[in-house]
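Me: I am new to this structure. Please take a close look at one part of it and describe what surrounds that part.

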Amino acid sequence: MRSLLAKWYETKVQYEKTMEDGSIKKVRENYVVNALSFAEAEANITESMESYVGEFEVVDCIRQAKYKEVIFSDDATDDKFYKAKLQFITLDEKTEKEKMSAAFYLVQAGTFDIARKYIKELMAGTMIDYKIDTVSETNFIDVFEIHK
């Protein structure tokens, strides 16, 4: 397991896919890519998808993701992506009261339980108090890391 802190963008591409029965169907699939800007995100998803499919187009809008960190799994059976919302518990120095601040993560895992396990492993190396608020399955097909 490893994590990558970056600026992430959610993208949607459309192309004609050959199905298992040999028929051709127009599909829309969601992907995530890291980039510094919307223009770079479009260039990165285009570069990444060219090696997988022939003709395609980036459709709908490219959205900057709420999460800044993606947790990647080394296990080949972890074939889904989950969005996780964590609540960090901090102490307000002025009022001396606890306050909550949210942070979002994208986690590659096979199940909800494994996603929670990976979050706990990542957070075990920190001293901050937190609670896992929500974990929900996404429809992302893959996450492309672009190293430039």
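Reply: A residue is called buried when its relative accessible area is under 20%, exposed when that area is over 50%, and partly exposed in between, using a 1.4 Å probe and protein chains only. By this rule Ala84 is buried, at 2% relative accessibility. The model is a predicted one, so local features need pLDDT of at least 70 and side-chain atom pairs count only at pLDDT 80 or more, while totals for chains, interfaces and linings use all residues. Residues are numbered from 1 along each chain as its sequence is written, and side-chain values use heavy atoms, with hydrogens and water left out.

First, the setting. The chain has 2 helices and 9 strands, where helices (H or I, at least four residues) and strands (E, at least two) are DSSP runs numbered from the N terminus. Along the sequence they follow the pattern β-β-β-α-β-β-β-β-α-β-β. The C-alpha trace spans about 60 × 30 × 25 Å along its principal axes. Of the 148 residues, 39% count as buried.

Strands of a sheet pair through backbone hydrogen bonds, either parallel or antiparallel. Contact here means heavy atoms within 4.5 Å.

Next come the side chains. A nonpolar core is a set of buried Ala, Val, Leu, Ile, Met, Phe, Trp, Tyr and Cys residues joined through side-chain atoms within 4.5 Å. The largest one has 16 residues, and those with the most contacts inside it are Val13, Tyr15, Ile45 and Met49. Two or more residues of this core come from each of strand E2 (8-18), strand E3 (24-34), helix H1 (38-50) and strand E4 (56-64). Leaving out residues up to four places away in sequence, Met49 touches Val13, Tyr15, Tyr31, Phe56 and Phe144. Another core, of 15 residues, lies apart from the largest one and includes Ile71, Val107, Tyr118 and Ile119.

Two of the residues touched by Met49, Tyr31 and Phe144, are both buried. They also belong to the aromatic pairs, of which the structure holds 5. Rings of Phe, Tyr and Trp (its six-membered ring) pair if their centres lie within 6.5 Å; planes under 30 degrees apart count as stacked, over 60 as edge-to-face and the rest as tilted. The Tyr31 and Phe144 rings have centres 5.6 Å apart and planes at 25 degrees, so this pair is stacked. It links distant parts of the chain, with Tyr31 in strand E3 and Phe144 in strand E9, 113 residues apart. Ring pairs join Tyr31, Tyr52 and Phe144 into a cluster.

Most residues other than glycine have a negative phi. Asp60, which lies in E4, has a positive phi near 60 degrees. Asp60 is exposed, with a relative accessible area of 54%.

Ala84 and Asp60 are 24 residues apart in sequence and 24 Å apart in space, C-alpha to C-alpha. Not counting residues up to four places away in sequence, Ala84 touches Ala103, Phe104, Tyr105, Val107, Ile119, Thr134 and Val135.
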